[in-house]
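Please read them with the coordinates open.

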Amino acid sequence: MHIPRKLFLALALALCALVGSAQQPQHLFFRVTVGPKFTTPVSGRMLIFLTAGTGAKDVDENPFAPTAVYVAAKEVSDIAAGASVDVDTDDVAFPAEFSSLKPGDYQAQAVLDVNHSYNYSGRNAGDLTSDVVSLASFTPGQGDEPAFTLNDVVPQRPSRPDPPGFEKNAHLEDFVSPALTAFAGRPIHVRAWVITPPDYDQHSKLRYPTVYWTHGFGGDLQGARYFGGLISNLMAKNKLPPMIWVMLDESCPTGTHEFDDSVNNGPWGTALTTEYIPYLEKKYRMDARPSGRFLQGHSSGGWATLQLQIDYPSIFGGTWSTSPDPSDFHEFSSIDLYAPHANVYKRPDGTPYPIIRDHEKVMASFEEYAKNERVLGPYGGQIASFEWVFSPRGPDGRPLPMFDRNTGDVDPAVIAYWHDHYDLAHIVQTTWAQRGPQLRGKIHVFVGTADTFYLDGAAHKMEAVLSALNANAHFTYIPDRTHFDLYVTHPAGADPKGDRYGLFSQIGAEMYVVARPHANWKPAE
């Protein structure tokens with residue numbers, strides 16, 4: 001039988017396609033339906049979390065065990081009640097495609113991140129969630145498509161009880177910044193809780209030293225209020241000297257803006273120093289001299305306050321920064337970003353760079369952390385937050401990435417920009433002739449030798465630079481302390497567990513000696 005050539009070729013191509021599709025693994029889809037209680041269409045980033053086991057009330061990501069929880073994502077818009085969306089769990093997924101799961105018992109949950117804030121603060125008020133769905137004896141690709149219904153809304157976080165007298169001493173200051181508003185083309189607010197000392201109203205002519213505090217990554221105005229309550233309570237118990245504390249909120253949609261001027265986030269340093277502080281000093285009886293203005297913060301707040309002291313040495317009289325994010329990019333959580341052919345995922349010998357540890361135990365690699373963050377969302381995560389502050393702006397209006405998320409390769413041009421504008425050790429070293437006279441003796445850094453994010457390494461680098469400059473900087477390395485227990489002290493006669501925030505008392509006392517050298521203030525026993 002003779003088969004025409006064109007027909008033969010068509011049959012051959014069809015057969016090849018059939019064989020190819022049979023060999024090609026099918027993607028695994030999970031279906032999410034919007035429950036009937038929602039009366040308006042919903043939008044956001046649909047997230048599917050999955051982990052082994054049974055019986056969990058919630059399934060969520062865990063940065064200290066990132067590969068234990070699988071997560072897949074898809075952007076969705078205007079999904080009406082009763083409508084469904086299929087999430088390809090092999091498309092945008094971490095730590096691997098869901099179809100690669102081995103047969104077993106699993107549990108999963110769907111979450112709609114309506115404000116794209118999951119990367120910064122996890123589940124927030126207004127996010128939609130499903131029940132946890134049990135996937136017993138689950139084999140990817142077999143049986144019905146796993147199905148979820150969004151039927152709950154994450155409630156507002158309950159507020160913590162205020163210490164006695166807090167409402168009298170706490171004042172919310174919400175200020176619309178002209179500089180930031182001009183940059184963004186819409187009103188941008190600088191917000192803080194101002195905490196006055198217990199005797200503020202009793203001494204109408206007395207001016208107080210002022211501390212500008214800010215939180216770390218994941219913090220917000222509500223967290224600033226909580227720490228303001230701690231400060232107020234410590235002053236009421238005479239464990240802190242009488243000072244005004246300004247509890248600044250440095251959170252923004254892209255992460256933390258660090259109160260630094262940035263081509264992406266805007267002129268936050270300028271807004272603070274030329275607008276917000278003068279506004280506060282007109283309203284409150286603040287000691288408006290450099291010797292009466294201090295800085296304090298932890299983690300990203302530690303970097304922000306260290307930066308503010310370096311960039312504005314004539315405004316502030318000292319910073320007490322704890323566990324600051326990397327101040328020398330030769331040691332970016334153990335990675336030298338300036339090394340030839342630098343890669344944030346792998347060392348030259350191919351071993352992974354760690355980013356999270358519990359003392360001697362590595363909990364997560366930089367690669368795991370970065371790739372998990374990428375699935376949770378394109379902005380708002382810790383690593384992306386650095387880029388929104390440090391990177392030049394790209395043609396699309398977003399910051400240029402410091403490294404390739406697939407390979408880990410560092411972009412030398414972007415790092416050159418980071419080096420020139422935000423490497424604090426480099427800035428101090430190259431501008432000491434101008435800054436030195438007003439900066440000497442004003443830098444105080446505390447960090448644990450077992451810092452969870454390896455931040456003690458960059459502190460040592462920064463200290464070496466400042467020592468060579470005879471900067472009279474003060475670095476304290478607290479043995480075996482991590483990122484999260486740094487403030488614990490063990491005063492005589494105290495609870496055996498220690499005073500969780502005792503370091504505040506030490507820092508406050510050191511500040512007060514600078515502001516009031518003859519006051520002879522002593523904390524209560």
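1. Two strands count as paired if DSSP finds at least two bridges between them. Strand 19 (residues 319–322) and strand 22 meet this with 4 bridges, in the parallel sense. At the level of residues, Trp320 has His444 of strand 22 as its bridge partner. Please keep in mind throughout that this is a predicted model.

2. Strand 22 has a second pairing, with strand 23 (residues 474–478): the two run parallel and are joined by 5 bridges. Here Phe446 stands opposite Thr476 of strand 23.

3. Is strand 22 buried or exposed? Buried means under 20% relative accessible area, and 6 of the 6 residues in strand 22 (residues 443–448) are buried, so the strand is largely enclosed by the rest of the structure. In a regular strand, side chains alternate between the two faces of the sheet. Both faces of strand 22 are covered, with Ile443, Val445 and Val447 buried on one side and His444, Phe446 and Gly448 buried on the other.

4. Helix 6 runs over residues 268–283, which is 16 residues. From first C-alpha to last, helix 6 reaches 21 Å, close to the 22 Å expected at 1.5 Å a residue. Where does helix 6 have a kink? The kink lies at Tyr276, shortly before the proline Pro278, and is about 30 degrees. Tyr276 is also among the buried residues of helix 6, as are Trp268, Leu272, Glu275 and Glu281.

5. The second largest pocket has a volume of about 1100 Å³. Its lining is made up of 37 residues, and those nearest the centre of the pocket are Asp249, Ser251, Cys252, Pro253 and Thr254. Elements that give two or more residues to this lining are helix 2 (118–121), helix 4 (178–184), strand 11 (189–195), helix 5 (221–236) and strand 14 (251–252).

6. Two prolines in loops deserve a look. Pro95 is in the loop between strand 5 (93–94) and strand 6 (104–113), and the peptide bond from Phe94 to Pro95 is cis, with omega near 0 degrees. Pro399 is in the loop between helix 9 (382–390) and helix 10 (412–422). Pro399 counts as buried because its relative accessibility is 12%, under the 20% cut-off. Between the C-alpha atoms of Pro399 and Ser385, which are 14 residues apart along the chain, the separation is 9.8 Å.

7. Which residues have a positive phi without being glycine? One of them is His341, with phi near 55 degrees. His341 lies in the loop between strand 19 and strand 20 (354–358) and is exposed, with a relative accessible area of 81%. Another is Asp480, with phi of about 65 degrees, found in the loop between strand 23 and helix 14 (502–515).

8. Leu150 sits in strand 9 (residues 147–153). Its relative accessible area is 0%, so Leu150 is buried. Leu150 and Ala304 are 154 residues apart in sequence, and their C-alpha atoms are 39 Å apart in space.

Terms used:
Residues are numbered from 1 along each chain as its sequence is written. This is a predicted model: local features need pLDDT of at least 70, side-chain atom pairs count only at pLDDT 80 or more; totals for chains, interfaces and linings use all residues. Side-chain values use heavy atoms; hydrogens and water are left out. The expected span of a helix is 1.5 Å times one less than its number of residues. The bend at a residue is the angle between axes fitted to the seven residues ending there and the seven starting there. Buried means under 20% relative accessible area, exposed over 50%, partly exposed in between (1.4 Å probe, protein chains only). On a 1 Å grid over the protein atoms alone, a cavity is a set of points where a 1.4 Å probe fits but cannot get out, and a pocket is an open set with protein on both sides within 12 Å along at least five of seven lines; lining residues have an atom within 4 Å of a point. Grid points are joined across faces, edges and corners, and a volume is the space filled by probe spheres set on the points.
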